Structures are given as structure tokens and as C-alpha cells.
Amino acid sequence: MNKQLELAKKGTVEIITIEELKEVLKKKNPVAYIGYEPSGKIHLGHLITIKKMIDLQKIGFKIKILLADYHAYLNYKGELDEIREIAEYNKRCFLAMGLSKDTEFILGSEFQTDDDYVLDLYRLAHITTLNRAKRSMSQIIREAGEHKVSEVLYPLMQVIDMVHLGVDVSVGGMEQRKIHMLARDNLPKIGYTPPVCIHTPIIHGTDGSEKMSSSKGNFIAVDDPPKVIKDKIMKSYCPAAKIDGNPVIEIAKYIIFDENKKILIERPEKYGGNLEVNCEELINLYSSGELHPLDLKNAVAKYLIKILEPIRENLTSKMGD
């Protein structure tokens, strides 16, 4: 149990709640789920959450990945045929990233028009205030000028998804927290037990904006070739001595140090020579100004290219199958 709990907690920002998770771990074949809009390239933000799903798979969870085609349609990500083609690409990427073959991939359109689903959606809508639903919408949508009804329907559907997928644990980045809290508060009011919620860190976009996103073009894709990765890292927002909101530091912390206890930063002798550092040492050196952004970027690019290499190779082989 302790080893299972530690792996479940690894790399997370918060778990709501730990005590409930301990109870879930006693179950045989508990279910963990995450949903993704099929809307573009699979990038480092997805990698963080998929790594968590792989951790949960290792400790006995049945993993369900929702490829949320109706959600993507409601969020203006294209027509359904196009969205479903992207969903197939997403599925290949997720398997190439290391999820096992018994991972269950589900299109939202496979169940989101069922009578029971729609009735539960109506019941949830009946008890959810408009203000609460709007607060659960994504930051980008909430800042838009004029809202569509679909934008408020979106978070309610996400809550009902958890019920109809038989979820014990719901995983998402911290941007999903408001929707998860809506589920925690309102599902008991319509007779359902809410899931445990596991939240992972968010990586800022390479341009320094709030979140890495394929729609914004500020991402590093898991299948980008080495030269593209290097170019994107070298152009990334990375102000000297700044840690908060620095995507290059976040890539090092959440991805590179997840697989390496220490990394080697290569520097000319005239600039202090090579450094071998762990995560804490790297952050301390950078925040103090002792480590130059260029040296950080060179090291991060080198290690990231190596980490993504097997994903690129696996994806290429799966596309050839």
C-alpha cells in the first residue's frame, strides 16, 4: 500500500483526498481516467499527465482515456470528422508514450447521447448555478467577450463523464481543478460518489503564456524532430534568475528530473566549467543568477531530445503497422 501510494503521489501538485485514495487502492482494478480534446499535436503538457496515468497503471489501475470529440466540437476545435481523425493520432501518441495495450480509449460520442447520460446531465444542470458553471469554464473561454451556451455545457458534461465511465480517480492538470471541485460538490446531490482528484503541474507555453497549447503554437510536440526541439527551446521565454512561469525550468523540473537524479550542464571553462546538479541545485543556481539562460537551455534541449527519442521511434513504428 505505501509503495502504491507513493507512486500515485509522485510528481503531483495535490490529491483530493489522500484518505479517499487509500480506500480506492484497496479495491480490485480501480479505474483512473483523464480526458483530452482531440484538437492538435500531443505536447509536453500531455506528457506530464500521461506519465501519471502510467504510474497509476503500474499500481493496478484500469486506465480509461476519453478522447472527447463532442467536447472538442463544443469548444470550436473543428468538425466531427476532422476531430475524430485527430483522436486516432492522439491514441497512437499516447500508446507510444508508454501506456499499455489494455488502456481503454473511448470517444465521447460513444456514450454521451445515451438516455441515462442525458438525464444525468439535465439533473446536474438543474442544481448548478450559472455562476458556478461559468467559473468552471477554461480561463480562455471566461475571458472571451461573448459566451455561447456550449461553453457552460462543457464542464457539466465533463462531470457526468466521470459517472458514466465508472471513475474512481480523475486526473488532470491544475487547470482542471474548478471542474473537479464542481464534481466533488454536486455529484453527491444527484446520488453519485465523486472521484478522487489528482492534479499535476502545468507547463507554461514556450512564449511564457499561461499554458502550453497546440492551438496557441507555443508547444513542444512529443514527435518533434531533434532540430525542432532544440530551436524551440532556444527561442523559449527564459528570463535570467526567474523561476516562476519559466517553461524551460518547468521542463527540467517536471520532465527531465523525473527520469534523471542529476544532469550534466556543459559549459566552457571560462564560464565556470561543467556542472553536475540535481533539481534543487539547478533551481538554486539559476535563481541566484549563477547559471546563464543559454547554458540552461542547451542542457534542457539535450536531455529532452533524448527523453522524447523513444516516443518518436515508437510512434513511427506504430504508424507503419
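Is Asn29 buried or exposed? Asn29 is exposed, because its relative accessible area is 52% and the cut-off for exposed is over 50%. The structure is a predicted model, so a word on confidence comes before the details.

**Confidence**

The mean pLDDT of the protein chain is 94. Of its residues, 96% reach 70 or more. Residues 139-143 stay under 50. For that stretch the model has 10 contacts beyond four places in sequence. Where pLDDT is low, the predicted coordinates should not be read in detail.

**Strands and crossovers**

Start with strand β3, residues 62-67. Five of its six residues are buried, which leaves the strand mostly covered. β3 runs parallel to β2 (residues 31-36), and six bridges join the two. Ile34 has Ile65 in β3 as its bridge partner. Helix α3 (residues 44-58) belongs with these strands: β2, α3 and β3 make a right-handed β-α-β unit.

β3 also runs parallel to strand β4 (residues 104-107), with four bridges between them. Here the bridge partner of Leu66 is Ile106 in β4.

β2 is joined to β5 as well. Those two strands run parallel, with two bridges. Ala32 has Val169 in β5 as its bridge partner.

Strand β5 covers residues 169-173. Five of the five are buried, so β5 is largely enclosed by the rest of the structure. Val169, Val171 and Gly173 point one way from the strand. Ser170 and Gly172 point the other way. Residues pointing either way are all buried.

Five bridges join β5 to β6 (residues 196-200), again in parallel. Gly173 has Thr200 in β6 as its bridge partner. Between these strands the chain passes through helix α10 (residues 177-186), and this β-α-β crossover is right-handed.

**Aromatic rings**

A pair of aromatic rings is described by the distance of the centres and the angle of the planes. The count of aromatic pairs comes to two.

| Pair | Centre to centre | Angle between planes | Type |
|---|---|---|---|
| Tyr36 and Phe94 | 4.7 Å | 35 degrees | tilted |
| Phe111 and Tyr117 | 5.5 Å | 80 degrees | edge-to-face |

Why is the pair of Tyr36 and Phe94 tilted? The planes of the two rings are at 35 degrees, so the pair is tilted: planes under 30 degrees apart count as stacked, and those over 60 as edge-to-face. The pair links distant parts of the chain. Tyr36 sits in strand β2 and Phe94 in helix α5 (residues 80-96), 58 residues apart. Both Tyr36 and Phe94 are buried. Phe111 and Tyr117 are buried too.

One ring has a lysine over its face: Lys232 lies over Phe219, at 4.4 Å from the ring centre.

**Backbone exceptions**

Most residues other than glycine have a negative phi, and most peptide bonds are trans.

The peptide bond from Ile16 to Thr17 is cis, with omega near -5 degrees. Thr17 lies in the loop between β1 (14-16) and α2 (18-24).

Asn29 has a positive phi, near 55 degrees. Its place is in the loop between α2 and β2.

Ala241 has a positive phi of about 65 degrees, although it is not a glycine. Ala241 lies in the loop between α11 (226-235) and α12 (247-259). With a relative accessible area of 35%, Ala241 is partly exposed.

Conventions:
Residues are numbered from 1 along each chain as its sequence is written. This is a predicted model: local features need pLDDT of at least 70, side-chain atom pairs count only at pLDDT 80 or more; totals for chains, interfaces and linings use all residues. Side-chain values use heavy atoms; hydrogens and water are left out. pLDDT is the predictor's confidence in each residue, from 0 to 100. Contact means heavy atoms within 4.5 Å. Buried means under 20% relative accessible area, exposed over 50%, partly exposed in between (1.4 Å probe, protein chains only). Two strands pair if DSSP finds at least two bridges between them. A crossover is right-handed if, with the strands pointing away from the viewer, the path from the first strand over the helix to the second runs clockwise. Rings of Phe, Tyr and Trp (its six-membered ring) pair if their centres lie within 6.5 Å; planes under 30 degrees apart count as stacked, over 60 as edge-to-face and the rest as tilted. A charge sits over a ring if NZ of Lys or CZ of Arg is within 6 Å of the ring centre and within 35 degrees of the ring normal.
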